[in-house]
Amino acid sequence: MLLPQRYRATLRPARPARRTRRAAVAVATAALVATALATGDAGTGPGTRSDITAVAYSAEATAASETLTAVNAFLATLSTTQKSTAQASRTQTNLSQWSNLPDGLFTRAGLRMDTLTSTQQAAVLTILRAALSDEGYEQVTGITTADGVLHTATGSDDYGSDHYWIRVLGTPSSTGKWTVQYGGHHLAVNITLTGDTMTLAPTLFGVQPATYTLNGVSYEPLAGETDKAFAVVQSLNSTQLDAAVLDTAVTEIVLGAGQDGKTLAYEGVKASTFTTAQKTLLLDLITEWISPLNDEQNASKLESAEANIDSTYFAWYGSTSSDQPIYYRVQSPDFTIEFAHQRNMGGISHIHAIYRESGNDYGAGD
């Protein structure tokens, strides 16, 4: 049974053996059906039993077809008015309408989670389950849960774990190009499908607070992206470190919201100078950024990242001691990653980070 959205936390403090993605989808589907039956949302009108059973997937289905099925199942639960809000044309203006800012500072489009029924909320989560890996799903829900913690700490309605919007741009199909957007404060997931091909670029991952505790359990949604970056920089020799450290202070991501189409010149130390062990550490960090996409779709991206490792740059600004505010950048011919760990609001730490693909944001190159 789903917990109240504001307090939902599925990010585990330690990862057990991975479930297969299809098992994850089956669990989410079962939860959706159980919620519908328990709440009475499976009666008449939007969200009927026939709508919910459409979320059942073939064992042979691809991640793209599972995502398509999940999106159509979600749309089937909506009223006509809700559909007109949730769906829009796939224009660059609509694609770019996301931000890391809190509610009071940015106007978002789509349907906010707290306006949906429990059945509709579960259907949204099923979309995320289908498109993302287990780790990616846990990361997203860990970020949204953190915003609920921030709401409790500040009392501000600009924050909340249910203050996240779902929007579908373009016509969902097995052949065309279309995008699902899910985001709010410190999160913007752009899932673009072109036939059977999928990308998450651009996706903004942030979190505030960066670490938090619920029911006596500590969570850190971007732990891997933090710890593995420190592992890379701490492995560098003095010559490599001199090359990696940026000449001017950078404390915020450059290619965040509102920066579509922009690029950055290569800076930092080139991985062709790395030892085999250092390249392994860098690939481990890169994997943290690519693996939120489902396993089926991220495999070729990971292979390309490894093939291009010698052409990849690693840049850094800030202390090389762990648990300090820092900025880093990883640039490959395929992608750019930026990560900025900051402090504000009386010392509450928070992170802004972005993943973009060169020439393929929103699936432009597919």
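How many helices and strands does the secondary structure of the protein come to? The predicted model has 11 helices and 14 strands, where helices (H or I, at least four residues) and strands (E, at least two) are DSSP runs numbered from the N terminus. Because the model is predicted, local features need pLDDT of at least 70 and side-chain atom pairs count only at pLDDT 80 or more, while totals for chains, interfaces and linings use all residues. Residues are numbered from 1 along each chain as its sequence is written, and side-chain values use heavy atoms, with hydrogens and water left out.

**View 1. Packing of helix α8 against helix α10.** Helix α8 (residues 223–235) and helix α10 (residues 276–290) pack at an angle of about 160°, and their axes lie 9 Å apart; axes are lines fitted to C-alpha atoms, for helices over the stretch in contact, and angles run from 0 to 180 degrees between N-to-C directions. The two helices, α8 and α10, are therefore roughly antiparallel to each other, a term for angles over 145 degrees. On the α8 side the contact (heavy atoms within 4.5 Å) includes G224, E225 and K228, and on the α10 side it includes Q278, L281 and W289. By class, this contact of α8 with α10 has seven nonpolar, three polar and four charged residues, with Ala, Val, Leu, Ile, Met, Phe, Trp, Tyr, Cys and Pro counted as nonpolar, Asp, Glu, Lys and Arg as charged, and the others, Gly among them, as polar.

**View 2. Packing of helix α10 against helix α11.** The axes of α10 and helix α11 (residues 295–307) come within 10 Å and cross at roughly 150°, and α10 and α11 are therefore roughly antiparallel to each other. L283, I286, T287 and I290 of α10 make the contact with N298, K301, L302, A305 and E306 of α11. The residues in this contact of α10 with α11 are, by class, five nonpolar, two polar and two charged.

View 3. In helix α6 (residues 118–131), the 14 residues should span 20 Å at 1.5 Å a residue, and the end C-alpha atoms are 20 Å apart, which agrees; the expected span is 1.5 Å times one less than the number of residues. Of the 14 residues of α6, 13 are buried, so this helix is largely enclosed by the rest of the structure.

Notes: Angles under 35 degrees count as roughly parallel, over 145 as roughly antiparallel, 65 to 115 as roughly perpendicular and the rest as oblique. Buried means under 20% relative accessible area, exposed over 50%, partly exposed in between (1.4 Å probe, protein chains only).
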